Amino acid sequence: MSVPGDGQDGVTMETMETACIDAASTAGAAAAPSFGQLVAYLALFMGLSWAMMYFIPTGLLFTVLLPASFYVLFSIVVFCPLVSGGWPFAPPLGNWKPADGVWKPGLSSTALLAAVAVAGPLATTYLYPRFPLFPVGFWWGIILFTVTLWYAFTWNGWPLNQKCSPALRGIGGAAVIVGITALLWQLVNLSGTPFAGAPYDPRGPFQAEWFFGLLVWIIVWIQAFSNVLSFQQWPFYKLPQPIGEIANTAVCILLGWLCWTVSLKFMSPTFSFAAVGGSIIGMQNFHGAIFGYYPFAKYKQPRRGICNFVTELVLAFGWIALMRLIMPPVLAKAQAAGLPFDLNVVSVLFTLHFVALLTLIHNFYFLRAPLAPSGPPPAPE
């Protein structure tokens with residue numbers, strides 16, 4: 001989403017504002033939710049997420065559903081306002097009007113996400129690159145998710161956004177993301193894993209598990225300088241396209257590489273990328289998408305972004321402590337099943353593949369009912 005005249009493409013703030021007002025009227029909730037209501041909202045989805053991770057059969061959860069969930073994350077972003085404008089079923093540009101309420105976009109879009117989550121793993125298993133869903137699907141999935149966020153948050157769906165129909169923006173954007181993912185897959189090698197030398201091993205320059213951690217840290221900075229979180233693309237949105245996007249991309253890669261390589265000197269890989277990096281990603285998402293930069297929306301960038309980012313860092317370490325309290329039962333089930341996960345990895349899967357995923361679906365497609373839908377972010381300045 002972008003501010004008219006700020007040099008970025010995307011769904012305009014006026015369009016989003018109108019859609020959110022219409023959706024709020026339909027939901028019958030005119031007033032913005034209070035801070036306490038939003039805390040309860042997050043806690044509800046945390047409880048639901050924990051129950052799903054604990055009670056879904058462990059083998060099914062970790063070897064099928066979680067690798068496939070990367071495609072849910074991919075399609076949430078592709079079919080949200082940032083890329084397709086909500087096409088095909090959700091506001092502001094999908095086949096939706098206020099009289100349709102929340103069930104039509106919610107159920108229809110969720111069915112679409114589920115279909116993509118089935119089709120994506122089938123394609124990578126039987127068409128290309130033809131690898132096993134577990135655990136290789138995790139390594140492919142992190143590339144897919146990184147490119148998705150980069151395309152939506154850094155490049156604003158450029159050059160398709162505002163130049164093409166919502167359908168072409170959605171389908172074309174998905175094709176761009178999958179195509180770049182396939183190219184980046186060629187950078188990976190599977191050395192040090194049981195799959196080294198397999199026909200689907202690209203034998204690229206970067207070891208798969210090391211590359212996974214690097215991409216998580218790049219996501220931290222993609223979100224920090226994204227169009228809708230933390231710094232809202234400050235200062236890059238002041239530059240003409242595509243110079244601003246290129247500079248933003250370069251900074252995110254550089255900072256991600258520095259965080260990953262330096263942190264490895266002081267902590268274990270999974271604590272670095274999963275506990276620290278994953279928690280920062282989660283807090284950026286929750287603070288921006290759920291709490292609307294509370295209480296810093298009144299400030300202009302970069303003051304707003306600095307306050308946002310510092311708050312999210314503090315919250316991330318509190319989140320790490322909370323994960324130490326609530327996730328051991330889930331970890332115990334995973335380890336009893338002989339799966340190679342530690343507490344850090346189980347925690348990041350809970351944070352991003354359950355809590356964030358469920359809240360984003362509810363925010364975008366069920367219009368956060370019964371609470372008022374989320375409004376567009378304020379202009380950066």
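How many nonpolar, polar and charged residues does the lining of the second largest pocket have?

## Pocket lining

By class, the count is 24 nonpolar, four polar and two charged residues. The model behind these values is predicted. The second largest pocket has a volume of about 650 Å³. Its lining comprises 30 residues. Nearest the pocket centre lie Trp139, Phe212, Phe273, Phe341 and Val345.

Five helices each supply at least two lining residues. They are H3 (58-78), H5 (136-154), H7 (208-224), H9 (269-290) and H12 (343-364).

## Nonpolar core

The largest nonpolar core holds 108 residues. Helix H12 gives the most to this core, with 14 residues. Met53, Phe62 and Leu349 have the most contacts inside the core.

Leu349 touches two of those residues, Met53 and Phe62. Leu349 also touches Leu66, Phe138, Phe341 and Phe354. This list leaves out residues up to four places away in sequence. Phe341 links the two topics: this residue is in contact with Leu349, and it is among the residues nearest the centre of the second largest pocket.

## Confidence

The average pLDDT of the protein is 92. Of the residues, 92% score at least 70. Residues 1-21 have a pLDDT below 50. This stretch still has 61 contacts in the model beyond near neighbours in sequence.

Residues 24-29 also stay under 50 in pLDDT. For residues 24-29, the model has nine contacts beyond four places in sequence.

Terms used: Residues are numbered from 1 along each chain as its sequence is written. This is a predicted model: local features need pLDDT of at least 70, side-chain atom pairs count only at pLDDT 80 or more; totals for chains, interfaces and linings use all residues. Side-chain values use heavy atoms; hydrogens and water are left out. On a 1 Å grid over the protein atoms alone, a cavity is a set of points where a 1.4 Å probe fits but cannot get out, and a pocket is an open set with protein on both sides within 12 Å along at least five of seven lines; lining residues have an atom within 4 Å of a point. Grid points are joined across faces, edges and corners, and a volume is the space filled by probe spheres set on the points. Helices (H or I, at least four residues) and strands (E, at least two) are DSSP runs, numbered from the N terminus. Ala, Val, Leu, Ile, Met, Phe, Trp, Tyr, Cys and Pro count as nonpolar, Asp, Glu, Lys and Arg as charged, and the others, Gly among them, as polar. pLDDT is the predictor's confidence in each residue, from 0 to 100. Contact means heavy atoms within 4.5 Å. A nonpolar core is a set of buried Ala, Val, Leu, Ile, Met, Phe, Trp, Tyr and Cys residues joined through side-chain atoms within 4.5 Å. Buried means under 20% relative accessible area, exposed over 50%, partly exposed in between (1.4 Å probe, protein chains only).
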